[in-house]
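Thanks for coming. I have one model to show today, and I will keep to the folds and the packing. Here it is.

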Amino acid sequence: MEVDREDGRSQNQLRPLACSRNILHRAHGSASWSQGDTKVLAAVYGPKAGTKKNENPEKACIEVIWKPKTGQIGKPEKEYEMILKRTLESICILTVNPNTTTSIIVQVVNDDGALLPSAINAACMALVDAGIPMKHLAVAICCCVAKSGYVILDPTKLEEQKMKAFAYLVFPNSVRSVLPEGSLRVEGEPIENGIITSVTHGIMSVDDYFYCLERGRAASVKLSDFLRRNLQQQSTDSSKAG
Amino acid sequence: MCFFPLFRSKENRLTMGLPNASGDLSTEVEVDAFRRLFPLRFYEKHLLESIRPDARPLGRARETTIALALAKIGSTTMLAAIKMEVMTPSLETPDEGCIAIDFHMPPICSPIVRPGRPAEGAPVVAKQLSDTILSSGMINLKELSLVSGKAAWMAYLDIYCLDADGALFDTALLSAVAAFSHLEIPVVSLNDDGKIVLSEEQGLSDREPVNKEKRKINLSSVPFSLTCVLHKNYILADPTAEEESIMDTIVTVVLDSSSQLVSLHKPGGTVLAYTSAIQDCIALTRQRVKELQKILEEGISGMEVD
């Protein structure tokens with residue numbers, strides 16, 4: 001089924017991705033991430049000594065500070081902070097640096113839809129840049145469900161508002177392993193099919209949600225290829241410079 | 001290390017304590033010590049037997065009661081209140097009212113909330129609640145209109161958490177639904193200056209009330225939710241605060257009365273949710289929606305008899 005999108009994309013097509021790391025001088029790690037006109041900056045400071053109150057001192061603590069483009073932070077930003085914190089906690093190895101705090105500061109540069117997924121991707125790249133030990137990367141994607149039931153990926157702000165429902169989905173990146181294929185499967189599904197984070201808005205049928213999952217998983221493979229290429233490219237660049 | 005009784009209720013402890021009455025006290029101390037020292041292992045021992053420390057099977061929710069707008073799930077207690085105010089509707093939506101939702105966690109509800117400092121989780125639950133209630137379409141905002149373009153109701157829904165023992169969102173949503181289901185809108189009329197006044201206060205019978213037929217809000221497609229905790233392959237429905245803190249993967253599913261998905265919320269957590277786990281969570285929620293619908297109906301009909 002062909003769907004008309006304002007910018008002429010097909011329904012599964014993502015906007016152009018761009019990512020650069022190590023762009024801030026003082027931060028221990030930083031990254032900027034843009035998909036289309038949505039752009040997010042992330043900086044990582046840490047691991048710093050001590051954990052915050054009410055946190056487990058036997059593990060590393062992760063703190064997320066969300067800075068909107070303009071104005072004060074409100075309830076939506078608090079929710080984003082909580083989701084980012086929980087998502088990043090699940091991909092980092094927290095037992096390596098016990099009793100430390102790592103701060104991640106997310107600065108929204110421009111919001112044109114799929115803001116939280118962009119922020120998750122940016123924060124993840126900044127963590128890699130800072131050398132924080134991680135189990136795997138996280139790839140985040142936004143799927144929109146239209147009233148007539150079709151699903152589009154990576155919507156702009158306008159599309160997000162027009163659609164009846166949308167889901168932010170976060171998956172682990174696809175792994176390349178020397179182990180034979182199938183040995184990394186959990187319950188018959190590859191590990192990258194597991195959902196790290198899911199946030200939905202608006203009403204959809206249960207089948208629509210599973211369709212979103214399917215589309216999101218397909219797109220996350222492309223995204224994780226992009227991440228892998230980007231990380232390999234920049235690491236060879238910096239080794240040449242050094 | 002199998003030295004503790006599986007059931008923690010008092011009767012069971014008595015019967016199980018009898019055969020080895022000599023070591024009764026020491027066993028109990030050891031169980032409590034084990035629970036505190038190795039909380040995860042303590043839970044895993046129970047999960048192997050498909051039972052939870054409070055004697056519930058994994059998929060069962062705690063006892064749920066609704067009285068007016070006081071909802072209790074297990075010992076988690078929430079009180080909801082709705083205040084109505086007349087406001088001028090915005091230009092974009094001249095014939096719609098508005099709902100503002102807030103969630104409060106005072107220090108009384110949990111040891112981790114300190115006075116003076118707002119609880120971390122409270123704004124997040126508030127945001128989730130307003131997203132769920134507004135996007136579910138439970139309330140038609142047009143019903144809150146009084147005079148198109150001139151006056152509409154602004155409903156302030158405040159939910160107070162009195163006891164936070166896990167599944168905060170579920171209990172808050174239940175108390176919000178209960179509050180809306182017996183909300184009574186006061187009769188108002190327009191006075192000579194074009195202002196909205198309470199009809200009873202004025203005592204004027206000649207003025208025609210503007211909302212004669214709109215004393216109750218019709219609730220269509222009521223949302224109900226169930227929070228589950230994932231741990232390894234186990235799914236624990238309706239977790240207590242202890243379970244939520246030990247096993248950190250929490251999935252909240254909200255379904256409306258026609259089984260449409262209103263929200264599927266999983267903020268991170270160590271366990272990855274595969275398709276089968278998501279399907280199981282949705283199936284558990286479907287069952288729970290039926291239970292909650294019945295409890296809510298009983299709660300409302302109980303009110304009408306009084």
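Predicted model: local features only at pLDDT ≥ 70, side-chain atom pairs only at ≥ 80, totals over all residues.

Residues are numbered from 1 along each chain as its sequence is written, and chains are lettered from A and ligands numbered from 1 in the order in which they are written.

Chain A. It has four helices and nine strands; helices (H or I, at least four residues) and strands (E, at least two) are DSSP runs, numbered from the N terminus. The order along the sequence is β-β-β-β-α-β-α-β-β-α-β-β-α. The radius of gyration, taken over C-alpha atoms, is 18 Å, close to the 18 Å from the globule rule for 242 residues, so chain A is as compact as a globular protein of that length. That rule is 2.2 Å times the number of residues to the power 0.38. The C-alpha trace spans about 55 × 50 × 40 Å along its principal axes.

Of contacts in chain A between residues at least 6 apart in sequence, 71% join residues at least 24 apart; a contact means C-beta atoms, placed from the backbone, within 7 Å.

Now chain B, and its open sheet. Four strands run in the order β10-β9-β11-β12, with antiparallel pairing; two strands pair if DSSP finds at least two bridges between them. At the edges are β10 (234–237) and β12 (261–265) of chain B, each pairing on one side only. From one strand to the next the twist averages 20°. Strand β9(B), residues 223–231, is joined to β10(B) by four bridges, and Val229(B) stands opposite Leu236(B) in β10(B).

What packs on the sheet, touching β9 and β11 of chain B? Helix α5(B), residues 168–181, does, with its direction at about 170° to that of β9(B). Angles run from 0 to 180 degrees between N-to-C directions, with axes fitted to C-alpha atoms, for helices over the stretch in contact.

Helix α4(B) lies across β9, β11 and β12 of chain B, at about 160° to β12(B). In α4(B), 12 of 16 residues are buried, that is, with 20 or more other C-beta atoms within 10 Å of their own. Among them are Val124(B), Leu129(B) and Ile133(B). Just after α4(B), Gly137(B) takes a positive phi of about 70°.

Notes:
Contact = placed C-beta atoms within 7 Å.
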